Amino acid sequence: MKILLINNYHYSRDGVTRAYFDLAEILEAHGHEVALFSSHSKNESTNKWSKYFAAATDFEKDEAAIFLK
């Protein structure tokens with residue numbers, strides 16, 4: 001089965017990102033093809049899917065933060 005995992009961060013940051021990486025490993029160990037999708041960041045670990053990642057957005061500083069208030 002082909003599976004796409006999506007997370008905002010692609011580096012070990014917290015429990016959510018740890019689960020994202022662990023789930024990818026478990027699925028691959030069971031024979032599934034796993035693609036990872038995230039946003040770019042200076043801390044990310046590179047992989048074959050990095051070229052497809054979305055541009056990074058800092059919701060604390062960018063204009064996008066207007067919609068979160």
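The points below describe the fold, the helix, the core and several individual residues of this structure.

1. Basis of the model. This is a predicted model, in which local features need pLDDT of at least 70, side-chain atom pairs count only at pLDDT 80 or more, and totals for chains, interfaces and linings use all residues. Residues are numbered from 1 along each chain as its sequence is written, and side-chain values use heavy atoms, with hydrogens and water left out.

2. Overall fold. The protein chain holds 1 helix and 2 strands, in the order β-α-β along the sequence. Helices (H or I, at least four residues) and strands (E, at least two) are DSSP runs, numbered from the N terminus. Of the contacts between residues at least 6 apart in sequence, 40% join residues at least 24 apart; contact means heavy atoms within 4.5 Å.

3. Surface and burial. The accessible surface of the protein chain is about 5300 Å², and 57% of this surface belongs to carbon and sulfur atoms. Accessible areas come from the Shrake-Rupley method with a 1.4 Å probe, and for residues only the protein chains shown count as cover. Of the 69 residues in the protein chain, 28% are buried. Buried means under 20% relative accessible area, exposed over 50%, and partly exposed in between (1.4 Å probe, protein chains only).

4. Helix α1, length and end. The helix has 15 residues and spans 21 Å from its first C-alpha to its last, close to the 21 Å expected at 1.5 Å a residue. The expected span is 1.5 Å times one less than the number of residues. Just after α1, Gly-31 has a positive phi of about 90 degrees.

5. Thr-17, Tyr-20, Phe-21, Ala-24 and Leu-27 are the buried residues named in α1. They lie on the same side of α1 because they cover an arc of only 130 degrees around the axis; the arc is that of the directions from the helix axis to the C-beta atoms. Gly-15, Glu-25 and Ala-29 are exposed on the other side of α1. The cover over the buried residues of α1 includes β1 and β2.

6. Nonpolar core. The largest nonpolar core has 8 residues: Ile-3, Leu-5, Tyr-20, Phe-21, Ala-24, Leu-27, Val-34 and Leu-36. β1 (2-6), α1 and β2 each supply at least two residues of this core, and α1 gives the most, with 4 residues. A nonpolar core is a set of buried Ala, Val, Leu, Ile, Met, Phe, Trp, Tyr and Cys residues joined through side-chain atoms within 4.5 Å. Leaving aside neighbours within four places in sequence, Ile-3 is in contact with Leu-27, His-32, Glu-33, Val-34 and Ala-35.

7. Glu-33. This residue belongs to strand β2 (residues 33-37) and counts as partly exposed because its relative accessibility is 43%. Not counting residues up to four places away in sequence, Glu-33 touches Met-1, Lys-2 and Ile-3. The C-alpha atoms of Glu-33 and Ile-3 are 6.2 Å apart, although 30 residues separate the two along the chain.

8. Salt bridge. A search of the whole structure finds 1 salt bridge, meaning a side-chain nitrogen of Lys or Arg within 4 Å of a carboxyl oxygen of Asp or Glu. The side chains of Arg-18 and Asp-22 meet in a salt bridge at 3.1 Å, N to O. Side chains of opposite charge can pair when their charged atoms come close. Arg-18 and Asp-22 are separated by about one helical turn because they are 4 residues apart in helix α1 (residues 15-29). Arg-18 is partly exposed at 34% relative accessibility, and Asp-22 is partly exposed at 31%.

9. His-10 and Ser-50. His-10 sits in the loop between β1 and α1 and is buried, with 2% relative accessibility. Ser-50 lies in the segment after β2 and is buried, with a relative accessible area of 6%. His-10 and Ser-50 are 40 residues apart in sequence and 9.1 Å apart in space, C-alpha to C-alpha.

10. Segment after β2. The C-alpha atoms of Ser-50 and Ser-38 are separated by 8.0 Å, with the two residues 12 apart along the chain. Ser-39 is also in the segment after β2 and counts as buried at 13% relative accessibility. Between the C-alpha atoms of Ser-39 and Tyr-52, 13 residues apart along the chain, the separation is 8.9 Å.
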